[in-house]
Amino acid sequence: MSVDILVPDLPESVTNASVAIWHKKLGESVQRDEVLVEVETDKVVLEVPAPEAGVLETVLEDEGATVIARQVLGRLRPDSNITKTTTEKSHSQEATLVQRHSSLEKEINDTHNPVIHRLIEEHDLNPGAIKGSSTEGRITREGVKKNLIGQQKTETALGNRSEKRVPMTHLRKRVAERLLEAKNNTAMLTTFNEVNMQPVIDLRKQYGEMFEKRHCIRLGFMSFYIKAVLEALKRFPEVNAFIDGEDMVYHNYFDINIAVSTHRGLVTPVLKDIDALSMADIEKKIKELVIKSRDGKLKVEELTGGNFTITNGGIFGSLVSTPLINPPQSAILGMHTIKDRPMAIDGQVIILPMMYLALSYDHRLIDGKESVNFLVTVKEMLEDPTRLLLDV
């Protein structure tokens, strides 16, 4: 008797998800608790393990399909003879695939319809993914048509050129919605400044090796950025607030989002209570969140909340940009690439490693004076990082 493969319970406030990727193909064997398929929401990627050992018998929802909690994704045929021995597993898979192929070939031949044969070959379709739509469960023209419509990637031939149409993931859709929300619902302005990064670079060179030996983590730039932002947020509470209807809500805690680019889209995991974290704690937490982000392993609580966002386009070579606010927050700080530039210092031209800072803010809540002084504070902390230790 087949076992249903179900969409797991979705996070609170999430109504649906999309099928991200099937890790197993029809006819392949799978061990109990081995990941069969991943489903993606606008917050997290959820793994769906095999409820027991067996063979993937049916796929009801292809990659890209929209699903809801507890919906049946496919079915598994239990097989107690499947073991974790690699050789036996391989032989079992091969035998099952051959059997399935023969069954599918017979299923197609039984239709006695050359048109269906031609459509399947012409579009390079997988017969196993086509749902039988006749009363006998055979493949029909309608079944092939539905499979074509539901394909995640549709290629359109244009002479010697081609186009590829790929549905947006839930995550990318949500990012797009939030960007439009920020653009349309805030009075957003951006102010700029530049910072001499030589003091931070010198400090990292002087103590970087000792720091890594003691804390087992590399001393990066982000911990300096976050500590500088923390000091600026303490001095200018408007930047750590947000607008809720006709009220201004001020936070008495400091949770910072960091923007992380992944192949699924941009995510902004949150570092909570940064005022209670050391620089080593910050570096370790950032590394953990970045790895989870790129592997799709973030938990809902790691993506929820945050009072202020830092985005570092400098890792991709960006010299300057105007970052968009992450709603409902009121400000976002953009860091950029560090470039050697000639600067006039005490009447002399000196080559220094300079970086542009960009603060985008909601002018409804934050005035120009506060935004400029906030950015100047970040600049001063980075140009004289010992002030971070002395709290001056």
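Me: Which residues of H8 are buried?

Reply: Buried means under 20% relative accessible area; exposed is over 50%, and partly exposed lies in between (1.4 Å probe, protein chains only). In H8, the buried residues are Glu 370, Ser 371, Phe 374, Leu 375, Thr 377, Val 378, Lys 379, Met 381 and Leu 382. Helices (H or I, at least four residues) and strands (E, at least two) are DSSP runs, numbered from the N terminus. This is a predicted model: local features need pLDDT of at least 70, side-chain atom pairs count only at pLDDT 80 or more, and totals for chains, interfaces and linings use all residues. Residues are numbered from 1 along each chain as its sequence is written, and side-chain values use heavy atoms, without hydrogens and water.

Me: Is Asn 307 buried or exposed?

Reply: Asn 307 counts as buried because its relative accessibility is 3%. Asn 307 sits in the loop between helix H7 (279–295) and strand E18 (308–312).

Me: Which side chain makes a polar contact with the side chain of Asn 307?

Reply: A polar contact is a pair of N or O atoms within 3.5 Å; within protein, one must be able to donate a hydrogen and the other to accept it, and residues adjacent in sequence count only if both atoms are side-chain atoms. Here the partner is the side chain of Asn 240, at 3.4 Å. The Asn 307 side chain also reaches the backbone oxygen of Tyr 253, at 2.9 Å.
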